[in-house]
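Subject: Structure handover

Dear colleague,

Here is the structure we spoke about. My notes on it follow below.

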Amino acid sequence: MAAIYRMYDADGQLLYVGTSIDPLRRFGEHDRNTGWFADIATITVERVPRNEMYVAEQSAIANERPLININHRQGSVRKANMCRSAVDAALSVRLGTTVSAYLHQKRSADPPVPWRQLAEDLETETNGAVVVCYESLRVWHMADQAAAA
């Protein structure tokens with residue numbers, strides 16, 4: 001079983017939505033690798049079937065609009081993260097491709113394009129029409145691979 005978790009600040013503002021097979025380990029990663037974890041006052045955890053966790057996360061991010069699920073650069077907020085359907089639509093119009101095809105092409109390169117670079121490349125190649133954090137790209141790619149297996 002997997003989990004979807006929501007992190008709130010002391011005022012009850014939703015800051016972050018995430019999923020994990022091992023939430024406690026993931027919380028430790030957030031603590032070590034982010035500058036915002038100290039702002040967390042409350043965490044809720046909901047069990048979800050593993051095959052539904054990525055869809056649940058993307059739906060929660062799109063519908064609940066947490067403050068931290070956005071692309072950060074040098075510690076400052078840049079732009080809101082787009083949901084996969086919006087990225088697919090923009091890529092179709094701008095580049096004539098889909099998220100799945102784009103990620104497969106870039107990650108199949110030798111060497112694979114790093115996730116952070118992919119996010120920046122997408123924004124550049126679409127003249128700012130696509131803004132998505134590298135973590136979402138990684139999640140979408142993993143979901144595509146799981147669906148193909």
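The crossing of α4 and α5 is right-handed (the near helix is turned clockwise from the far one by less than a right angle). This is a predicted model: local features need pLDDT of at least 70, side-chain atom pairs count only at pLDDT 80 or more, and totals for chains, interfaces and linings use all residues. Residues are numbered from 1 along each chain as its sequence is written, and side-chain values use heavy atoms, with hydrogens and water left out.

Helix α4 covers residues 99–107 and helix α5 residues 115–125; their axes come within 12 Å and cross at roughly 125°. Helices are DSSP runs of H or I with at least four residues, strands runs of E with at least two, numbered from the N terminus. Axes are lines fitted to C-alpha atoms, for helices over the stretch in contact, with angles from 0 to 180 degrees between N-to-C directions.

On the α4 side, Y102, L103, K106 and R107 meet W115, L118, D121, L122 and E125 of α5 (heavy atoms within 4.5 Å). Of the residues in this contact, five are nonpolar, four charged and none polar (Asp, Glu, Lys and Arg count as charged; Ala, Val, Leu, Ile, Met, Phe, Trp, Tyr, Cys and Pro as nonpolar; the others, Gly among them, as polar).

The loop between α4 and α5 holds P111, which a cis peptide bond joins to D110, with omega about 0°.

R65 lies in the loop between α2 (53–64) and β4 (70–73). R65 is not a glycine, yet has a positive phi of about 50°.

Regards
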